[in-house]
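Please open the structure in your viewer and keep the selection tool at hand.

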Amino acid sequence: MAKVSIIVPTYNVEQYLSECMDSIIGQTMKDLEIICVNDGSTDSSLDILQKYAAADDRIIIIDKKNEGYGRAMNDGLDRATGEYVGIVEPDDYVDLHMYEDLYRIAKEKDLDIVKADFYRFVRNKKGETLKTYDALSKDGTGYNEVIDPKKNDGIFRYVLNTWSGIYRRDFIEKYHIRHNTTPGASFQDNGFWFQTFCLADRIYFINKPYYMNRRDNPNSSVKSREKVYCMNEEYRFIHEFLDCHPDLKKRFIFVYSMRRFRNYFWTYSRIDRKFKGEYLKRISAELNEAARNKELDREYFTPLEWKKICWIMKNPSAARKWMALSMTARKIKQIGKNIRRKK
């Protein structure tokens, strides 16, 4: 049994893949199982993986037809044999000490999950790396202590990702935690993240960055304006999970709704203008349904968020105009800040 199985779900990332793989095979922890799931790539990604596998017997390649991120991740989880499991997106890369450090802490603290802060980065035209530190906890609380989410649901407000940490595989298999597999969908890390936080007893957060998350890949899901309702489908999947676990639903339904509608608002901000009207109507319908089912609690939202929710529930068309004005005001304010910084 390897100490850590690392899953690399791969689809058409030839220009980034070598940097990713070099950061994994170069880890100071050598006792790794590296599972690369080629999800029907049509570029040279599979050839690159095969070259690495020929030189390193820790690398396992699963070559399959294209079925989407969730299915690829589940195939990797089914194949994993390590004590802990990590995830590296193939257009990202990781610090060479990441898995040795996280595994050591996981063992010392007997953890289900350990997660660390990370960097987001882009490369400019000169090839220089421009990175921004991203803390999981925005107010700096919750680090370096063992947390049971059932006693502290504040951690559901932390930055959502599945790749900046490792997960005890026995814990994942005990509850058979897997990704949603809706064909063509995106943001399927949301469901995996939510399940792990609901079901874990011991989570630990480290205020040190190891993971480098790329933000300049034009093919990333967060760049796609056409995938309008993928987030809604993902949160339907999570709701079905809660329906199957009434005890968890009772404890986490309000924090679920907080994450759900915050992500809907983020989706609204990024989709093409031609979809905004219909999407607000969809949000309005889902908000009203949640209210009827007593799944909303204003204490989980900021005053501005709650004001936005009430507007959208009552009149999505009027809310669209108000939100457009609010976004314009924020942009003007940010431009002013940028000008003052330059001075």
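In which helix does isoleucine 24 lie? Isoleucine 24 belongs to helix 1, which covers residues 17-25. Please bear in mind throughout that this is a predicted model.

**Stop 1: isoleucine 24**

Select isoleucine 24 and display its surroundings. Its relative accessible area is 0%, so the residue is buried, the limit for that term being under 20%. When residues up to four places away in sequence are not counted, isoleucine 24 touches Ile6, Val8, Leu32, Ile34 and Val88. Aspartate 56 is 32 residues from isoleucine 24 along the chain, and the C-alpha atoms of the two are separated by 11 Å.

**Stop 2: the cysteines**

How many disulfides does a search of the whole structure find? The search finds 0. Is cysteine 20 buried or exposed? With a relative accessible area of 0%, cysteine 20 is buried. Cysteine 230 may be selected as well; it also counts as buried, at 11% relative accessibility.

**Stop 3**

Now select strand 10, residues 203-214. Of its 12 residues, 10 are buried, and the strand is thus mostly covered.

- Select lysine 115 to find phenylalanine 205 of strand 10 opposite.
- Valine 146 has tyrosine 204 of strand 10 as its bridge partner.

**Stop 4: the largest nonpolar core**

In soluble globular proteins, nonpolar side chains tend to be buried together. Which residues touch the most other members of the largest nonpolar core? They are Tyr99 and Phe194, in a core of 103 residues. Helix 8, residues 246-270, gives the most to this core, namely 10 residues.

Select phenylalanine 194 and look at what surrounds it. Apart from neighbours within four places in sequence, phenylalanine 194 is in contact with Phe156, Ile238, Leu242, Phe252, Val255 and Tyr256.

Then move to glutamine 195, which is placed in helix 6 (residues 189-199). Glutamine 195 is buried, because its relative accessible area is 8%. Leaving out residues up to four places away in sequence, glutamine 195 touches Ile177, Arg178, Phe237 and Phe241.

**Stop 5: aromatic pairs**

A pair of aromatic rings is described by the distance of the centres and the angle of the planes. How many aromatic pairs does a search of the whole structure find? There are 24.

Select tyrosine 84 and tyrosine 103. Their ring centres are 6.0 Å apart and their planes meet at 90 degrees, so this pair is edge-to-face. Because tyrosine 84 lies in strand 4 (residues 84-87) and tyrosine 103 in helix 4 (residues 98-109), the pair ties together parts that are 19 residues apart in sequence. Tyrosine 84 counts as buried at 1% relative accessibility, and tyrosine 103 is buried with a relative accessible area of 11%.

Continue with phenylalanine 156 and phenylalanine 252. This aromatic pair is tilted, with 5.2 Å from centre to centre and 45 degrees between the planes. Phenylalanine 156 is in the loop between strand 8 and strand 9 (165-168), while phenylalanine 252 is in helix 8; the pair links distant parts of the chain, 96 residues apart. Phenylalanine 156 is buried, with a relative accessible area of 0%, and phenylalanine 252 counts as buried at 0% relative accessibility.

**Stop 6: charges over rings**

Finally, select lysine 276 and tyrosine 268. The charged end of lysine 276 sits over the ring of tyrosine 268, at 4.3 Å from the ring centre. To close, select lysine 308 and phenylalanine 265. Lysine 308 lies over the face of phenylalanine 265, 4.7 Å from the centre of the ring.

Technical notes. Residues are numbered from 1 along each chain as its sequence is written. This is a predicted model: local features need pLDDT of at least 70, side-chain atom pairs count only at pLDDT 80 or more; totals for chains, interfaces and linings use all residues. Side-chain values use heavy atoms; hydrogens and water are left out. A disulfide is a pair of cysteine sulfur atoms within 2.5 Å. Buried means under 20% relative accessible area, exposed over 50%, partly exposed in between (1.4 Å probe, protein chains only). A nonpolar core is a set of buried Ala, Val, Leu, Ile, Met, Phe, Trp, Tyr and Cys residues joined through side-chain atoms within 4.5 Å. Helices (H or I, at least four residues) and strands (E, at least two) are DSSP runs, numbered from the N terminus. Contact means heavy atoms within 4.5 Å. Two strands pair if DSSP finds at least two bridges between them. Rings of Phe, Tyr and Trp (its six-membered ring) pair if their centres lie within 6.5 Å; planes under 30 degrees apart count as stacked, over 60 as edge-to-face and the rest as tilted. A charge sits over a ring if NZ of Lys or CZ of Arg is within 6 Å of the ring centre and within 35 degrees of the ring normal.
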